[in-house]
Amino acid sequence: MGRDQEGLEILKILEWQCPKEPQVHIQLGKLKKKMGKKKEALSHFNKALDLDPKDQNTVKSLIEGLNNDNDMDEDNDI
């Protein structure tokens, strides 16, 4: 099993245990971005923003990073 997949499984468990923890969604978004799944990454970043609007600068910069990343293979239409 690859490290990304292993990390994803751990983060999914954390998401199940702590669904309202913004950092879990941020980490899931970062990993999904790394895996080339931009729509899923965006979904997690937006969830983190909904859960903690005070952290909007961090999350918005992550979302902008998705928009500026043209080498993703799944969803370049964001």
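Start with helix H3, whose buried residues pack against helix H1 (3–17), helix H2 (22–34) and H4. Helices here are DSSP runs of H or I with at least four residues, numbered from the N terminus. Buried means under 20% relative accessible area, exposed means over 50%, and partly exposed is in between, using a 1.4 Å probe and protein chains only.

A word on what you're looking at: this is a predicted model, where local features need pLDDT of at least 70 and side-chain atom pairs count only at pLDDT 80 or more, while totals for chains, interfaces and linings use all residues. Residues are numbered from 1 along each chain as its sequence is written, and side-chain values use heavy atoms, with hydrogens and water left out.

**Stop 1: along H3**

Select Lys38, Ala41, His44, Phe45, Ala48 and Leu49, the buried residues of H3. Why do they sit on the same side of H3? They cover an arc of only 140° around the axis, which puts them there; the arc is that of the directions from the helix axis to the C-beta atoms. Now look at H3 end to end: its 14 residues reach 20 Å from first C-alpha to last, close to the 20 Å expected at 1.5 Å a residue. That expected span is 1.5 Å times one less than the number of residues.

**Stop 2: the cores**

Next, select Ile26, Ala41, Phe45, Ala48, Leu49, Val59, Leu62, Ile63 and Leu66: these 9 residues make up the largest nonpolar core. Such a core is a set of buried Ala, Val, Leu, Ile, Met, Phe, Trp, Tyr and Cys residues joined through side-chain atoms within 4.5 Å. Helix H3 (38–51) and helix H4 (56–68) each supply at least two residues of this core. Apart from it lies another core of 5 residues, including Leu8, Leu11, Val24 and Leu28.

Zoom in on Leu62, which lies in helix H4 and counts as buried because its relative accessibility is 18%. What does Leu62 touch, leaving aside neighbours within four places in sequence? Leu62 is in contact with Ile26, Lys30 and Phe45, where contact means heavy atoms within 4.5 Å. Leu62 and Ile26 are 36 residues apart in sequence, yet 8.6 Å apart in space, C-alpha to C-alpha.

**Stop 3: salt bridges**

How many salt bridges does a search of the whole structure find? There are 3, each a side-chain nitrogen of Lys or Arg within 4 Å of a carboxyl oxygen of Asp or Glu.

- Select Asp4 and Lys34: their closest N and O atoms are 3.0 Å apart. Asp4 lies in helix H1 and Lys34 in helix H2, so the pair ties together parts that are 30 residues apart in sequence.
- Select Glu15 and Lys12, with closest N and O atoms 3.1 Å apart. Both lie in helix H1, 3 residues apart, about one turn of the helix.
- Select Lys32 and Glu40, whose closest N and O atoms are 2.4 Å apart. Lys32 is buried at 7% relative accessibility, whereas Glu40 is partly exposed at 33%.

**Last stop: confidence**

Color by pLDDT, the predictor's confidence in each residue, from 0 to 100. The protein's mean is 88, and 87% of its residues reach 70 or more. Then select residues 71–78, where the pLDDT is below 50; beyond near neighbours in sequence, this stretch has 18 contacts in the model. Where pLDDT is low, the predicted coordinates should not be read in detail.
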